[in-house]
Amino acid sequence: MTRECAVLLPGVCAALADPRQPGLDDTCLEKLLDWFRSLTWFDPTVELLQDNPCLTELLTSVLALPVPSPSILSFTLQLAGILASAESRFQHLQQEKLLGRLFGQEGPRGGAAWEDASVRSAWLKGVHSMLHHLPALHCLCSTGGMDVIFTLQGDPSLFVASAASQLLVHVLTFSLEPETSKALSTKDCDWPVCAQMIAKHIKESLQSSSASHIEQSLKLLSSLFGSCFGSCYAAWTEVLWLDIAKQIESFLLEETVQAQPLLANLLLNVARSPAFCGTEGSFWALVTSALEHLTPVQAGPLAVGLLKLCKCPQDVRIQALTVLLQPMDCILRAASQPLECAGLLDESVSDPATVESLLSSKTSCAGLLCQTLAHLEKLLSLKHLRVDLPCVSLLHSLMTILQFCNGFLSPTSPLGSTISRNLINCFRVQKSALDVLAALSEKKDCDSLIGSLFDVLLAYLQNPNTSPTVLKKTFQATSKWLVHLQELSSSNSQWQQTEKILEDVLVVLQKRLCSPCWEVRDSSLEFLTSMVKCLRDQKEFRQCLLSSEVLRLTENLLEDPESYVRASAVTAVGHLALITCFAPDSPVIGNQYNKESIVAKLQEILSTDSEGFPRRAVISIFTKWLREGCTGQREATEQFVSRVIQAVEHDLDWEVRLGGLELVEVFCSQTICQLSQCPYAPASSSATSSTPQNELLQVFCRAKLFGFLFGSLCDCDKPVGQRACDVLVGLRGHFYPMSTLENPQEVEDSPAGRGIAWLQRTLRQGSLAQNFPTDGDVGVDFQDPESMMLALGAIDLLELHDELNKSSDHVEESPQSLLQDILATVGTIEDNEVDCY
């Protein structure tokens, strides 16, 4: 603790204990507790209490209050726990007889204050902080504290109940820590006292007739096996599990038990424990039983969790996959009678009638399918799945679901008709199915259904009743499958099928670009951009695209009344230009698509659009063009960059200014590579006056880079200043290698020295960018190569870099500032200097 804080602390403690003072803001109290946590973490000695007796006096004073406020009492309980986290301070507080009065029976837990949930929560947090040494653990067990925690497990406040459960996990793991090396058995006497009490409580609760007690214990067990107890205490895990396994098994078989939904999470957490890494034993038999007896909705999370485990036995893994595929199999079998294609499964894990019943119900059909589809999407995203998915049948099932949802399939079976009625226009299921459909595009064995798949996708794209959100998902899935189709066509020369599908997609796209709904226009443009990114190198795609009306319609949307659409149109036009204007083999197109026209339109948007989104999109596209070398020869690129800088340096949107700095960084990197003998190589110390170096400086000055960069250092938005400083530090590293910087005195004496000195002072003050002069009226010529060389070498950019990267609250959030704020709030500082951070 600093001397300044030690001087302020007694006044703060006195104010906290004074009932006449107004209550402090909870945020201030939390920050004060955070400070004490950091103090006690780095200093476990008793000196903190001996050197600051006001802390003990605060605890005593609050206990002496007849009716302390809940917030101050909660603060005191937590503070006492933090102070008692070290054994020496614990013993000191025990000698003062304070801990018993705070956490024992004579404390708040026996009075009216206990009715307040914040006090109960603070008691738990205080005990949790204190339990880092055995004397505190023994004190908790001997004073009835464990029974209090057991009771608070069922507290009506969810925050209190959760804190109690977390505390029990901590108590058990901490009490077993010294015992991990000892021989184990299932006898109670082998467990430490606290661990015995918790284990006994769990077993009694599981055997009770109270559903809430059973639920609390199952939640506690899930937390135990899911915490470090499961991974670091494998032997104890097995001992505890053997004690409760029979009871858990009975819950699975008793279908009326309300605790069944919690069993899946418990079994999954146990399965993750090292204690059950073998493939033998009764545990995996119990998991198999759970997959059979839990409902499909309850078994789904367990099944997908098991499939992610690398140590799960293969037969259990196959069974888990079967559980997930069962609803999809039911959909496929319900679609037609007799069955036109093979189902997903040869046999079911549980009774198929259960799944059929859920899918037949209007209330449960969509929920079951959305859950199943979400699990399947997770599995498809895994790089290493240790079971084979029947991708072809799965794809067929997805197509069937999508056709049920839009009414394009009329099944003949009664079950199919019922499911179809339940799913018609069900947006939730449509979106989930399309997500899985997109994920399946990565698989290589679905080629036989690709024609039928695009029929389904095109039906959704063409249907005017498709909702905007579902249409967006359809576009995303279509984009992925178009890439797959292109790869397929390249390998087997199925150009005709590909060309027909592309033409159909572009016809639909043209209609959607003219939609009265702005979300549809926006999604259409995003889809177009995605296609161009993925397929622009394919000759067939370019031919289909250029022969359509898509380019004209896209360019028209640059003037759309909706700013999101204008931004998406900018991005689409920017990517289309890579085909129409900048590609070496681009075909001759009408004058409206020439490079100058496109660049002029985008520059106009950058300079005049009233919304930030389109301007951000323009600067992003310009940077992309620059990276790909589309802006012409060096002179043309220099002029292009200069015009962009002039457009963005006073833009009101900080992200546009930041984008301008990214463009400048790319330009600097490219120019240095072009003009230096070795790309990215710093100049030698004798080369600072060489022709390449002078030419570089002249290029940068003509492009008006330095005025923009130095002005951005003072930008009121910190990310802009940080990026500008990064660019300038990089430039200085090129022009001044090996720290050969200018002598400050020599700079001061040079003709431009006064201006450079002014610049250094201004940058240190951090003036706002809009007031930063860049026209040379203060003696700094930002377009003079010699002056800029001097500025790069003389200004301490690294010091500026450190300042800019400091947290904005590094002063205001200091402990001293916090203590001053508290004193100011309670009125003990006359000038009331509150920084209000």
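A residue is called buried when its relative accessible area is under 20%, exposed when that area is over 50%, and partly exposed in between, with a 1.4 Å probe and only protein chains taken into account. The model is predicted, so local features need pLDDT of at least 70 and side-chain atom pairs count only at pLDDT 80 or more, whereas totals for chains, interfaces and linings use all residues. Residues are numbered from 1 along each chain as its sequence is written, and side-chain values use heavy atoms, with hydrogens and water left out.

View 1. Helices (H or I, at least four residues) and strands (E, at least two) are DSSP runs, numbered from the N terminus. Of the 837 residues in the chain, 52% are buried. The chain exposes about 37800 Å², and carbon and sulfur atoms supply 51% of this area, which is calculated by the Shrake-Rupley method with a 1.4 Å probe; for residues, only the protein chains shown count as cover.

**View 2. Asn269 in helix H16 (residues 260–271).** Asn269 is buried because its relative accessible area is 10%. Its side chain makes a polar contact with the side chain of Arg272 at 2.9 Å; such a contact is a pair of N or O atoms within 3.5 Å, where, within protein, one must be able to donate a hydrogen and the other to accept it, and residues adjacent in sequence count only if both atoms are side-chain atoms. When neighbours within four places in sequence are left aside, Asn269 is in contact (heavy atoms within 4.5 Å) with Ser222, Phe225 and Gly226.

**View 3. Helix H28 (residues 518–535) and Trp518.** Helix H28 has 18 residues and reaches 26 Å from its first C-alpha to its last, close to the 26 Å expected at 1.5 Å a residue, where the expected span is 1.5 Å times one less than the number of residues. Its buried residues include Val520, Phe527, Met531 and Leu535. Trp518, by contrast, is partly exposed, because its relative accessible area is 32%.

View 4. Lys704 is partly exposed, because its relative accessible area is 33%.
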